[in-house]
Structure formats: structure tokens, C-alpha cells
Amino acid sequence: MNKGPVWYIISFLVIVLLQLLLMNNIQFSGFINPYFYILFIILLPINIPRYILLILGFLLGITIDIFSNTPGIHASATVFMAFIRPFIINSYNLDDQEKMMIPSISNIGVKWFIKYLVIMIIAHHFFLFFIEVFSFSGFLHTLLRCILSSIFTFVFILISQFLIFRK
Amino acid sequence: MKNLLNFLIKYHHIILFILLEVVSITFIVRYNNFQRVKFLNSSNAMAGKVYTEINSVKDFFVLKQQNEKLAIENTNLRKELLTIKQSNLNVLTQHQLDSSRVKLVPAKVINNSVNKQYNYITLNKGYRDGIRQDMGVICSEGVVGVIVNVSQNYSTALSVLNGRWSINAKLLNSNYFGPLRWEGKNPYITILNEIPYHVKVQEEDEVVTSGYSDIFPEGILIGRVVKIGSSKSENFQEIWVQLSTDFSNLYYVDIIQNSMNVERRQLEKLTENE
């Protein structure tokens, strides 16, 4: 089930382009901006070494940053998400065979995947929105933006799952 | 020594995590201080090229809408031209004087956002076209922003929808002025402060640039008053201004080149030093 590095490079580019061309143009009254690009971190193999995970997170975040004029904001949020990923995965008891796989619905099961996805999205979005505002004043407003965007990100990632891993 | 190495190996992921976060946060903080990280913004060559390509596709779909906008603007300009012709010679020379000082460079918006806390615009004109830092950007509907970064062929501008700056604005009717700032919530509303209570403000009053800074000439439309409130701690009115520029629908803008700016700045510097 593991794919080669070429597959990951291509999916990196595709996901970044989708984020910049499509997702960044979804704007409802300045509140909602889905951050679909975290899909790349979510779909990395379960047994990937932690340092590679962190470095990939940083690269992904800084790429998005360069194109959206926000140096460091996406990078810090994505690194944070990459950091907590092994802790979330370890909290589920997986056997050795499952650890070789990509965390996807068909491999791990719907319930497991949705739990994992929700925690990852919320961790990333909370970190992102609060570091963007850089203060806790207007807490509820930021929280609302964060929750609305999270919902949209969740929906888009779930749809993408059914498109990519269709049998 | 061995213990130290063991420690490093055991906790390498935590150390790497902290390191990467420190790097990211350094970027953020330096950027907050306006010392923008060079190359890490969308006016650099590669990002600029990508956005230009994307834009040529986007353009195709908005052609009709843009044509209509241009036609309306044409009519307005023609009307203005007629009034100038009818008015007397005195006004005409004044006009000519102003127009020789201020030049407009048309540019196209190749990247734009309204949903962030700090919004920026990328334009397809750069150093080669005579664009420099601190030039004002306007469009047919009103004020847009100010240039902050310039590369050979591209430039980025702070838009009005950016908490990091404020415009010096005045009420057209009473000539009272104050800073106009975006609150980071609604992309159509900004707030004008420091207008004393005795000034009578009405809804629909026009708010324009004051001309006290060298970025914008006097009298460029910013928006209209929609609500008048009081600020929490100070003795000033808080005036809600609806922006005349629709930032979510911005395609063509003009950059203001003011040839008198250098002279003006030198003079102001001289005065400050005394």
C-alpha cells in the first residue's frame, strides 16, 4: 500500500495548487477559508519517522506562506499538527501490519478515520487562527472563524477521500 | 557527553519541533514589525509568474463584467471632461498643474484576499515601471492601498483591509480629519476615529483622503458614513464608514506616482531635524 516518493511529490504539488487556486477563492463574508492542504500531512504513512514528518510539515506550510503573504503562520500551524500526529495515532492500538499503511478510510475504517481527521483539523485551525490574530482579544470571533473553516475543511477532505480511494 | 548524546537522540523530534516553531515564529514577528522577510512574499519572481498565469485564465470569465465597469467609468470621465471645458481658464490651469505632478500607472491585480486579518494585493507592475515603495494605489471606485514591496516586475500592496496601517481621512462636509482603520471583521466596513463630538456627522456623508500624507492626493473617495457611535474610552466619535471600493471584486487599479514627493519629504525631514 505504500507509494514511492514520486507519488508524494506529485500529490504535494497537486494539493498545494488546489489550495491556492480553488480553496483560497472560497470566501463567504470573510469568515470561511478552508485549509485543504493539510490533507498531505494527514495521508503520510503511519510509520514515517517523526523528524521527516516535521520537516515535511514545515516545507508544506512555508510553501503556502510564500504564496499567501503570511510568512511563518501556516508553517508554525502545520509543524504543530505534524508534531501531535504521532500522539493521536499512538492512542489507537494498531497492529504492526496496519502501521505500514496510509491512514485512510479503506485501511483503518470510517470511525477511526473521522476521529483522527477531526482532531488534526481542529489542532491545525486553532493554532493557525490564533497565531494569525496574535492575541486573545476577540476570542469568540476568532473561535467562530476557526470552527466555520474547520467544518468546510472537514467536508472537502472527506469528499477527497471518496474520490482518491474509490474502488 | 554520552548522556547528552543519548538525550538528543531520544528527544530529537521534540527538539526539531521547537526549532521549527522558533523559525516560524521568528518569521511572524519580524513580519509584524514590517521588516518583511525578503523573498518570502508574493512579489518575488516565481510566485509572481505563477499568479500571472492563473490570472490570464481568471480574466476570461470576468471580461463581460469588467467591460461594463469600464464603460460606466468612460461615461463618467466624459462628463467630467465636459464640465472642465465649460469652466473658466483659471480652473483649467490649476488642473493642468496638478496633473503634471501626479501620474497614474495602470496595473492589474494578480492576487488579492479579503478574508485574512492582514490582506495584501499583488500587482503586475514593478521597479521597471517606475513603481517604488510608499506609492498609493487607487481604483475607479476609490482608495485601494499602498505599495510596500517592489521587485523587478511585480509589487505587493497593503490593502485598506489590513490592521497594520491606517489612512488619514477627512469628512468632506466639515473638513475634520482622523485616522481610518479596518477592524478585521467585515470587509466592507472601516472605522474613522478622532472626530470630536461637536462635529455634526450624518449618514451618507462622504469620507475622502485628507492629503496630509504624501501617499494619496487630497479628495479621493474612501467611502460613506453608515453609522455613528462613540468610542469606549476617548472623547471622540466613532464613525463607521462603508468602503466605496469592493475589494472582493478588484481587477484593475492605478498606482499614483507623485513627482513632488521627494521634494516634500526632504523639506519635512529638514523641519523635523531642527
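This is a predicted model: local features need pLDDT of at least 70, side-chain atom pairs count only at pLDDT 80 or more; totals for chains, interfaces and linings use all residues.
**Chain A**

I looked up the helices and strands first. Chain A has seven helices and zero strands.

Next I checked burial. Chain A has 167 residues, and 35% of them are buried.

Then I turned to contacts in chain A with a separation of 6 or more. Of these, 67% are between residues 24 or more positions apart.

**Strand E3 of chain B**

I moved to chain B and picked strand E3, which covers residues 136–139. Which way do its residues point? B:Gly136 and B:Ile138 point one way from the strand, while B:Val137 and B:Cys139 point the other way. Side chains in a regular strand alternate between the two faces of the sheet. Are these four residues of E3(B) buried or exposed? I found that all are buried.

**Partners of E3(B)**

I looked at strand E4 of chain B, residues 142–150, which pairs with E3(B). The two are antiparallel, with four bridges between them. At one of the places where they meet, B:Val137 has B:Gly145 in E4(B) as its bridge partner. I also looked at the link between these strands. E3(B) and E4(B) make a hairpin, and two residues lie between them.

My last entry puts the strand together.

Terms used: Residues are numbered from 1 along each chain as its sequence is written. Chains are lettered from A and ligands numbered from 1 in the order in which they are written. A residue is buried if 20 or more other C-beta atoms lie within 10 Å of its own, exposed if 12 or fewer, and partly exposed in between; C-beta atoms are placed from the backbone. Two residues are in contact if their C-beta atoms, placed from the backbone, lie within 7 Å. Two strands pair if DSSP finds at least two bridges between them.
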